[in-house]
Amino acid sequence: RATLVLELPPRPPLELVEAHSGDCRAMRTHPFPRDFVCGPARAPGDGLRIFPGVVPGSDRIAALWLPDASLCSAGGPVAPEFLWAALDSPSSFPLLEPEAARALEPMVLGRLCVELDGELYAGERALVMAWPIALEGRRGVAGAALFAGSGRLVGRARATWFSLAGRS
């Protein structure tokens with residue numbers, strides 16, 4: 001168990017996030033197009049379908065998410081493992097957004113520290129946001145936050161990513 005210490009940047013307006021959905025450079029060069037969380041090859045109802053875009057004028061990425069009922073049990077909230085997943089994959093995108101970072105693809109998750117602060121329900125519009133904290137050589141650290149559409153914080157995470165580029 002770990003204590004998560006993480007300062008969150010301001011949450012971008014939902015309209016701005018919607019206008020830039022899926023426009024991250026790494027979404028166009030996605031090394032895992034069938035990724036459960038953010039794979040662009042996933043059809044509606046298959047996976048989480050979180051497609052990040054750049055928040056203009058910042059180093060953050062953000063995406064809107066509408067959780068499917070299949071992620072919940074009998075009308076209950078979205079299962080915690082899916083909230084963790086929603087905070088996981090999107091956190092790699094701000095690390096990979098600069099063109100120079102393309103040489104780091106693919107990256108894989110090494111460590112994820114999550115703190116859930118609330119619940120989310122199927123059909124409840126949500127916002128996932130991520131930002132870079134550090135990038136040193138082949139290792140990157142990013143923060144992520146998940147908000148209900150109302151602005152209520154649902155969860156936050158600190159993720160450590162490692163580049164597999166150049167490995168055979």
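Q: What makes residues 126–136, where A134 has its place, a strand?
A: A134 lies in strand β4, residues 126–136, and a strand here is a DSSP run of E at least two residues long, numbered from the N terminus. This is a predicted model, in which local features need pLDDT of at least 70, side-chain atom pairs count only at pLDDT 80 or more, and totals for chains, interfaces and linings use all residues. Residues are numbered from 1 along each chain as its sequence is written, and side-chain values use heavy atoms, with hydrogens and water left out.

Q: Why is A134 called partly exposed?
A: The relative accessible area of A134 is 23%, and because buried means under 20%, exposed over 50% and partly exposed in between (1.4 Å probe, protein chains only), A134 counts as partly exposed.

Q: Why is C38 called buried?
A: C38 has a relative accessible area of 2%, and is therefore buried.

Q: How many disulfides does a search of the whole structure find?
A: The search finds zero disulfides, a disulfide being a pair of cysteine sulfur atoms within 2.5 Å. For C38, the nearest cysteine sulfur is that of C24, 9.5 Å away, and C38 is in no disulfide.

Notes: Helix = DSSP H or I, 4+ residues; strand = E, 2+ residues; numbered from the N terminus.
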